[in-house]
Amino acid sequence: MELFIQFVLLVVGFAMLVKGADWFVDGAAGIADKFGIPQMVIGLTIVAMGTSAPEAAVSVTAALKGNAAITIGNVVGSNILNILIILGLTAVITSVKMAKSTLKIEIPIMLAITILLVAQGITGNSITRVEGIIMWVAFIAYLTYLFIVAKNNPQPVEEEEEKAKPVWMLLVFAVVGLVLVVWGSDVTVEAATKLAQAAGLSQHFIGLTIVALGTSLPELFTSVSAARKGNADIAIGNIVGSNIFNILFVVGTSALITPVLFESKFIVDSVISIIAGVLLWLCTFKSMLLKRPHGVIMLACYGAYFVYLLLFAEKVAPYIEQLLK
């Protein structure tokens with residue numbers, strides 16, 4: 001009976017995510033059009049931060065409870081899923097156009113801060129408060145850059161039609177949609193975790209896959225919904241912005257509360273996160289389009305990573321620890 005209840009909750013959670021993502025994209029895209037804000041900037045800021053709320057909630061709450069060790073697994077696992085699964089699935093559904101600045105600036109920023117995370121983690125096996133401050137300074141610099149982009153590249157404001165939705169209604173759509181997305185992800189991840197535990201899967205595996213997928217579900221449904229509605233800049237900007245936000249804000253804030261443990265077994269996962277970012281960059285380097293074949297490659301790469309987690313991660317961890325000593 002308990003398993004049946006969890007399965008029902010899983011379905012309910014997914015339904016909340018689907019509808020919430022739909023409303024959130026409509027609201028965010030509408031606000032962007034009203035105020036002449038480039039969709040890429042909306043994707044990299046409001047949508048990215050909103051859909052990263054589950055990662056932030058999980059990690060910061062864990063840090064406040066003195067259990068910051070789960071932060072790295074949550075963030076790195078989510079960042080890998082964001083690129084390989086979410087953009088992979090989105091590209092399989094429809095070709096996704098990438099903004100030139102995302103290719104030349106935002107993706108390199110994402111790769112640089114992921115390398116920074118690994119460098120900070122392997123020196124002392126933790127992210128210290130000082131390193132958390134460094135991340136927050138980088139985060140403020142990143143927001144400043146986005147503000148300059150928005151100021152220098154205003155979009156033409158569309159004329160309001162008779163039946164166009166007013167700003168207050170668009171805000172309601174965005175807020176209610178975000179609440180449904182975050183709440184739905186919480187319901188889904190809790191139900192999925194209980195089902196996985198009942199199946200006898202390890203905590204490490206659950207953390208890097210099911211919990212990471214659960215906290216990435218807002219990005220998944222928001223990106224797919226945005227791409228299908230033709231708001232491609234929101235789709236890719238959402239993922240790249242979320243990955244940057246996850247590291248600089250989520251890990252940085254957690255480290256300010258208490259030093260964040262960086263276990264040696266997460267080095268492989270962090271390197272895979274970097275490889276995923278490089279793959280995204282290479283796939284879109286020439287055509288500025290993320291196409292169906294690229295999506296298939298990304299999904300296949302995640303399949304290989306999933307097999308590694310399931311069969312080899314625990315065996316490889318002691319060897320990595322030996323190398324670092």
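Phe4 sits in helix 1, which covers residues 2-35. Helices here are DSSP runs of H or I with at least four residues, strands are runs of E with at least two, and both are numbered from the N terminus. This is a predicted model, where local features need pLDDT of at least 70, side-chain atom pairs count only at pLDDT 80 or more, and totals for chains, interfaces and linings use all residues. Residues are numbered from 1 along each chain as its sequence is written, and side-chain values use heavy atoms, with hydrogens and water left out.

Is Phe4 buried or exposed? Phe4 counts as exposed because its relative accessibility is 53%. Buried means under 20% relative accessible area, exposed means over 50%, and partly exposed is in between, with a 1.4 Å probe and protein chains only. The areas come from the Shrake-Rupley method with a 1.4 Å probe, and for residues only the protein chains shown count as cover.

Phe4 also belongs to a nonpolar surface patch of about 560 Å², together with Met1, Ile5, Val8, Leu9 and Val12. Patches are made of residues with over 30% relative accessible area and no salt bridge; like charges are joined within 9 Å, and nonpolar side chains (Val, Leu, Ile, Met, Phe, Trp, Tyr) within 5 Å. A salt bridge is a side-chain nitrogen of Lys or Arg within 4 Å of a carboxyl oxygen of Asp or Glu.

Leu195 and Leu3 are 192 residues apart in sequence, with 6.7 Å from C-alpha to C-alpha. For Ala198 and Leu3, the separation is 195 residues in sequence and 8.2 Å in space, C-alpha to C-alpha. Leu195 is partly exposed, because its relative accessible area is 24%, while Ala198 counts as exposed at 51%.

Helix 1 also holds Ala28, which is buried, with a relative accessible area of 4%.

Gly277 lies in helix 10 and counts as buried at 0% relative accessibility. Its C-alpha is separated by 10.0 Å from that of Asn82, 195 residues away along the chain.

Now the empty space inside. Rolling a probe the size of a water molecule over the atoms shows where such space is left. How many cavities of 30 Å³ or more does the structure hold? It holds 1. A cavity is a set of points, on a 1 Å grid over the protein atoms alone, where a 1.4 Å probe fits but cannot get out, and lining residues have an atom within 4 Å of a point. The largest cavity has about 40 Å³ of space, where a volume is the space filled by probe spheres set on the points, and grid points are joined across faces, edges and corners.

Its lining is Asn79, Ile83, Met110, Leu111, Thr114, Asn243 and Ser273. Helix 4 (70-93) and helix 5 (100-122) are the elements that give two or more residues to this lining. Helix 5 gives the largest share, 3 residues. The lining has 3 nonpolar residues, 4 polar and no charged. Nonpolar covers Ala, Val, Leu, Ile, Met, Phe, Trp, Tyr, Cys and Pro; charged covers Asp, Glu, Lys and Arg; the others, Gly among them, are polar.

Last, two backbone angles. Asn125 is not a glycine, yet it has a positive phi of about 60°. Asn125 is in the loop between helix 5 and strand 2 (126-127). Met288, also not a glycine, has a positive phi of about 60°, and lies in the loop between helix 10 (266-284) and strand 4 (289-290). Asn125 is partly exposed at 39%, whereas Met288 counts as buried at 16%.

Technical notes: 1 Å grid on protein atoms, 1.4 Å probe; cavity = no way out; pocket = protein on both sides within 12 Å on 5 of 7 lines; lining within 4 Å.
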